Amino acid sequence: MDSISKDAAYCLCCYLFKNEHESHGNTGDAFTKNGFKAWNKAIERFKAHVGEVNSIYNKCFNRMIDLMNQSQSIRTYFDKQSEKEKSESRRRLSASIDVARFLLRRGLPFRGHDESQSSTNRGIFLELLQWYGDIDRDVGSIILENAPRNEMMCSPSIQKDIVDACAKETVKAIIEDMNGDFFRILVDESKDISHKEQMALVLRYVNKEGEVIERFVGIVHVSNTSAMSLKKAICSFLSNHSLSLTQIRGQGYDGASNMQGGLNGVKTLILNESLSA
């Protein structure tokens with residue numbers, strides 16, 4: 001390939017797989033690094049660059065061919081998975097979701113200090129998942145150590161994804177229960193264990209059965225606890241869930257002046273935009 005901006009020629013495969021040169025203690029030549037500019041000698045120098053059959057160039061070239069081979073792509077691999085493998089993947093994920101839902105409903109922690117296989121207490125999530133497999137042999141045969149190492153469906157990142165999905169579905173159900181009606185906001189701010197500022201938001205409303213309901217809908221991290229920053233965070237949260245300041249029919253805050261102060265508190269800032277709040 002050639003670069004018009006640099007007026008130089010490069011070897012595409014060697015440029016893509018520079019690590020192959022480095023692994024052989026070879027830093028590469030002009031075709032690999034800065035580009036070759038001596039056009040009158042390009043053909044001879046490129047022949048020297050290519051070298052013998054087992055040269056580094058040919059190894060890089062073969063890797064490039066493999067990269068371009070769609071039959072070896074990850075998508076093709078998943079498409080070729082058997083129905084049995086797909087079914088086992090879904091069951092592994094379902095087991096992790098069931099355990100996560102149980103822990104979330106009871107407000108229990110997921111992680112343990114030592115989650116290695118030799119640990120006597122790997123944390124509630126893994127211990128409960130193990131128990132789940134013990135009482136259901138069909139599930140036990142495909143989870144944890146019996147699952148493929150790259151598809152165990154129980155890593156910390158997978159647990160966080162499941163929790164995030166559950167949180168979104170929960171808030172969605174709360175918003176649907178409000179049925180587009182008016183609501184009151186209850187707000188408090190505090191610092192978490194890592195001293196990051198955060199704001200807790202609760203919605204108070206009357207549901208379809210005429211019952212007064214209060215639902216905690218989330219914790220929002222904020223850059224600071226100034227009135228303007230908190231107001232922006234509230235507006236952003238409401239907007240993300242298709243709610244509006246005009247639907248607010250009451251505000252509740254703690255005693256902090258930056259929240260309910262008469263001059264420039266959050267309450268006043270929201271009232272300036274919606275008097276009905």
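Reader: Where does L144 lie?
Author: In this predicted model, L144 lies in the loop between α8 (137-140) and α9.

Reader: Is L144 buried or exposed?
Author: L144 counts as buried, because its relative accessibility is 2% and the cut-off for buried is under 20%.

Reader: What does L144 touch, sequence neighbours aside?
Author: Leaving out residues up to four places away in sequence, L144 touches L126, L129, Q130, M152 and C154.

Reader: And how far apart are L144 and R92?
Author: In sequence, 52 residues. In space, their C-alpha atoms are 8.8 Å apart.

Reader: Switching to cores. Which residues have the most contacts inside the largest nonpolar core?
Author: F183, I185, L203, I234, L238 and I270. That core has 28 residues.

Reader: Which elements supply at least two residues each?
Author: Three helices are on that list: α9 (156-178), α10 (227-240) and α12 (266-273). The strands β3 (183-191), β4 (197-206) and β5 (212-221) are on it too.

Reader: Which one gives the most?
Author: α10 does, with six residues.

Reader: Helix packing now. At what angle do α10 and α12 cross?
Author: Roughly 55°, and their axes come within 8 Å. That angle makes α10 oblique to α12. The crossing is right-handed.

Reader: Which residues make that contact?
Author: From α10, A227, M228, L230, K231 and I234. From α12, V266, L269, I270 and E273.

Reader: How does the contact of α10 with α12 split by class?
Author: Seven nonpolar, no polar and two charged residues.

Reader: What about α6 and α7, how do they cross?
Author: Helix α6 (residues 83-105) and helix α7 (residues 124-135) cross at roughly 125°, with axes that come within 10 Å. So α6 is oblique to α7. This crossing is right-handed.

Reader: Which residues meet there?
Author: A95, S96, D98, V99, A100, F102 and L103 in α6 meet I124, F125, L128, L129 and Y132 in α7. The classes are ten nonpolar, one polar and one charged.

Reader: And α6 with α9, what angle?
Author: About 60°, with the axes 10 Å apart. The crossing of α6 and α9 is right-handed.

Reader: Which residues make the contact of α6 with α9?
Author: L93, S96, I97, A100, R101 and L104 come from α6. I162, V163 and C166 come from α9. They divide into seven nonpolar, one polar and one charged.

Reader: Zooming out. How many helices and strands in the protein?
Author: Twelve helices and six strands.

Reader: What share of the protein is buried?
Author: Of its 277 residues, 37% count as buried.

Reader: Last one. What share of the contacts comes from residues 24 or more positions apart?
Author: They account for 52% of the contacts with a separation of 6 or more.

Terms used
Residues numbered from 1 in each chain as written. Predicted model: local features only at pLDDT ≥ 70, side-chain atom pairs only at ≥ 80, totals over all residues. Heavy atoms only, no water. Core = buried A, V, L, I, M, F, W, Y, C linked by side-chain atoms within 4.5 Å. Buried < 20%, exposed > 50% of the residue type's maximum accessible area, 1.4 Å probe, protein only. Helix = DSSP H or I, 4+ residues; strand = E, 2+ residues; numbered from the N terminus. Axes fitted to C-alpha atoms, helices over the stretch in contact; angles between N-to-C directions. Parallel < 35°, antiparallel > 145°, perpendicular 65-115°, else oblique. Left-handed = near helix turned anticlockwise from the far one by under 90°. Contact = heavy atoms within 4.5 Å. Nonpolar A, V, L, I, M, F, W, Y, C, P; charged D, E, K, R; others polar.
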